[in-house]
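Notebook open, model loaded. Today I want to look up charged pairs first, then a bit of the surface.

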Amino acid sequence: MTDKGDGKSWYGIWCLSVWEASSAAGEQRPDTHSEGEKYGAPRAYDPHFRGPVVNRSCTDVLCCVIFILFIMAYILLGLAAWVNGDPRRVAYPTDSQGYFCGQKGTPNENKSILFYFNLLTCTSPSVVVNLQCPTTQICVSKCPERFLTYMEIQFKYKNDSKYWTYYSQFCRTTFLKPVETLSQVLLDNDCPSAIYPSKPFLQRCFPDFSTKNGTLTVGNKTVFDDGSGKTRNAAELRRAANGINKALDARAIGVKVFEDYATTWYWILIGLTIAMLLSWMFVMLLRFTAGLLFWIFTFGVIGIIAYGIWRCYLEYSRLQEHPGSQLNVYTIGIQTDISMYFRLKQTWFALMVILCLLELFIILMLIFLRDRIRISIALLKEGSKAIGYIPSTLIYPALTFFFLSVCISYWAVVALYLATSGAPIYKVIAPQGRCEHENKTCDPVGFNSTEIAKACPGAQCHFAFYGGKSLYHQYITTFQLLNLFVFLWLINFVIALGQCALAGAFASYYWALKKPDDIPPYPLFTAFGRAIRYHTGSLAFGSLILAIIQMFRLILEYMDKRLQKAQSNISKFLKCCLRCCFWCLEKAVKFLNRNAYVMMAIYGKNFCKSARDAFNLLMRNILKIAVMDRVTDFVLILGKILVAGCIGVLAFLLFTKRLPVIIEGPTSLNYYWVPLLTVIVGSYIIAHGFFSVYAMCIETIFICFLEDLERNDGSAERPYYMSQSLMKIMNKRNVETKKQ
């Protein structure tokens with residue numbers, strides 16, 4: 001019950017309306033009591049109830065059929081994308097003719113690097129990487145290593161033909177000798193006007209930039225001839241390939257990071273293993289330490305606030321005796337320097353009053369809610385016991401992780417194949433962007449003899465992207481949206497399945513009268529089977545609602561990014577309101593769905609009835625929920641921080657060689673923070689996996705506890721199923737206990 005939102009009442013009313021509609025068709029509603037008229041009456045006593053219902057029927061069959069049809073369509077979409085797509089288009093760079101560089105079985109098999117004729121025409125690195133630079137691109141076996149121009153080659157060829165042999169490998173067509181004039185070469189795009197020292201990166205030739213005495217150079221030169229008679233400097237080439245050096249630096253950093261991982265991988269595994277053991281120990285020990293941790297934290301907060309009050313009083317007294325103590329906020333006005341306000345006694349007096357009110361509020365809440373806090377702490381301890389009796393639940397997050405990995409991998413592969421579906425599409429590209437035929441489709445074969453080439457001197461026909469005119473290619477965008485939507489649906493279904501299975505297992509624990517003797521064998525496996533067999537449709541229904549909301553949020557974020565520059569203040573305000581509403585709605589749906597899955601795991605009803613019952617039950621006990629949420633949130637956050645913090649401190653001491661006496665850590669690390677952050681983040685994720693099971697356990701036991709209070713009275717026919725500690729807090733007893 002850690003995810004909450006302002007819209008939970010709206011969602012519950014919606015499910016309630018669905019139930020009312022179904023009841024109007026012939027179902028009979030139970031009678032409501034005075035308080036229950038608004039939130040439903042407590043559940044009627046069932047003498048045959050002994051835990052999660054065994055004899056069930058399939059729920060929300062229509063949604064189950066729709067879900068299966070969507071999965072089948074998703075599989076067919078993946079097959080169609082696999083047939084039409086080609087991921088080699090991402091793995092290999094593509095030249096101006098649409099041919100892959102380095103692909104086996106092609107003339108470019110030994111030419112795996114892409115070379116740009118005139119990199120100066122590229123205005124940004126994104127244009128370069130996306131193959132939209134308005135210059136001819138060919139596949140070469142290696143990058144240029146020296147400065148040479150075509151005119152320079154024409155003179156040197158007369159003395160030594162080796163110069164032309166070297167230069168001709170960067171030409172699009174093969175010539176025996178450089179007999180064409182420079183203007184003809186540039187017009188036909190047969191050869192570059194000049195080549196510069198370059199290095200391959202991302203299978204593309206980029207200038208070999210370096211810094212010499214603080215001056216940017218290319219191949220140890222600051223200025224060079226561009227082959228057309230103009231003198232250029234390294235800064236111009238740098239602007240044309242802006243950001244490429246950063247990428248080269250990133251490559252060097254990446255190599256060092258890889259070296260650090262290769263050196264410390266076993267230490268990282270040891271750290272993550274220790275994090276797993278610490279998380280397990282923390283969950284197991286909560287039955288003894290939950291109350292202690294909560295009260296230490298609570299009194300610590302009270303002490304900190306008391307210190308703040310005392311500090312504010314001292315500052316107020318000191319400023320009271322100061323000569324300038326008569327100054328106030330109205331005297332100094334609005335100041336950009338916030339420290340000015342802390343020189344006023346009014347500021348410290350206001351802070352002291354606020355802290356006093358906060359201190360008083362916390363103390364009063366502790367006094368009036370002390371019994372509910374004791375119940376919450378007892379439930380935390382009971383959750384730790386439940387996990388101790390059903391330890392297999394701690395392994396379930398690994399199964400969820402596996403299912404999520406399959407869904408994410410399938411979505412990524414389908415998206416990749418969809419993005420690379422189709423035949424090469426060529427577009428007209430003009431160097432200066434002043435052509436009426438710009439971005440029109442064209443045919444690279446014989447383009448120079450077409451009317452477009454005559455109308456737009458210097459225009460070129462280059463490969464742009466992959467596409468087609470068939471029905472399949474026209475709906476690629478729709479297929480991508482379908483891929484994303486079904487992915488969200490499957491992700492939420494996997495999470496819902498885990499919550500329902502865990503809820504069924506922990507409900508079996510709670511409704512066992514004699515624990516652990518009455519706990520059925522293999523409770524987690526049984527609950528998982530029931531969820532799959534009977535409630536696939538209901539889980540798909542709840543997941544569908546959540547997927548639709550998340551899809552709307554993603555579309556809203558996408559539109560915000562695309563229309564960011566064309567937004568007015570009113571549209572920005574409406575956008576913020578929509579984002580806030582959808583965020584609250586998603587949190588509310590997650591909260592109610594999780595509780596609906598608990599009721600579904602216990603009683604086996606459909607999604608709307610389970611959501612209605614869960615909503616009514618929670619609304620009848622709203623104060624208990626608020627206290628339980630706060631206590632649970634605190635314990636879970638403290639546990640995650642404690643596990644990640646302990647492992648982080650040990651990893652820091654190890655990777656910075658602060659423990660040479662105890663243990664010898666890895667030596668010669670380039671960046672010690674790389675394995676350190678990996679261990680800390682990995683430990684937090686592991687702790688989150690353990691505590692997510694614990695949170696679901698607490699939520700299930702809490703729902704069962706509320707149901708137990710409403711359906712039973714402690715008599716021999718209707719005994720309480722809660723633990724002895726909870727009975728003591730609630731001042732409840734069973735008849736057998738009274739006789740003893």
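This is a predicted model: local features need pLDDT of at least 70, side-chain atom pairs count only at pLDDT 80 or more; totals for chains, interfaces and linings use all residues.

How many salt bridges does the structure hold? I found nine salt bridges, each one a side-chain nitrogen of Lys or Arg within 4 Å of a carboxyl oxygen of Asp or Glu.

Residues are numbered from 1 along each chain as its sequence is written, and side-chain values use heavy atoms, with hydrogens and water left out.

**Entry: Arg594 and Glu699**
I looked at Arg594 and Glu699, whose side chains form a salt bridge at 2.8 Å, N to O. This pair links distant parts of the chain, 105 residues apart: Arg594 sits in helix H20 (residues 569–603) and Glu699 in helix H23 (residues 673–711). Helices here are DSSP runs (H or I, at least four residues), numbered from the N terminus. Arg594 is buried at 7% relative accessibility, and Glu699 is buried at 1%. Buried means under 20% relative accessible area, exposed over 50%, partly exposed in between (1.4 Å probe, protein chains only).

**Entry: helix H10**
Next I checked Glu315 and Arg318, which both lie in helix H10 (residues 244–320), three residues apart, about one turn of the helix. Their closest N and O atoms are 2.8 Å apart in a salt bridge. Glu315 is buried at 12% relative accessible area, while Arg318 is partly exposed at 46%.

**Entry: Arg612 and Asp613**
I also noted a salt bridge between the side chains of Arg612 and Asp613 (2.9 Å, N to O). Both Arg612 and Asp613 are buried.

How values were computed. Helices (H or I, at least four residues) and strands (E, at least two) are DSSP runs, numbered from the N terminus.
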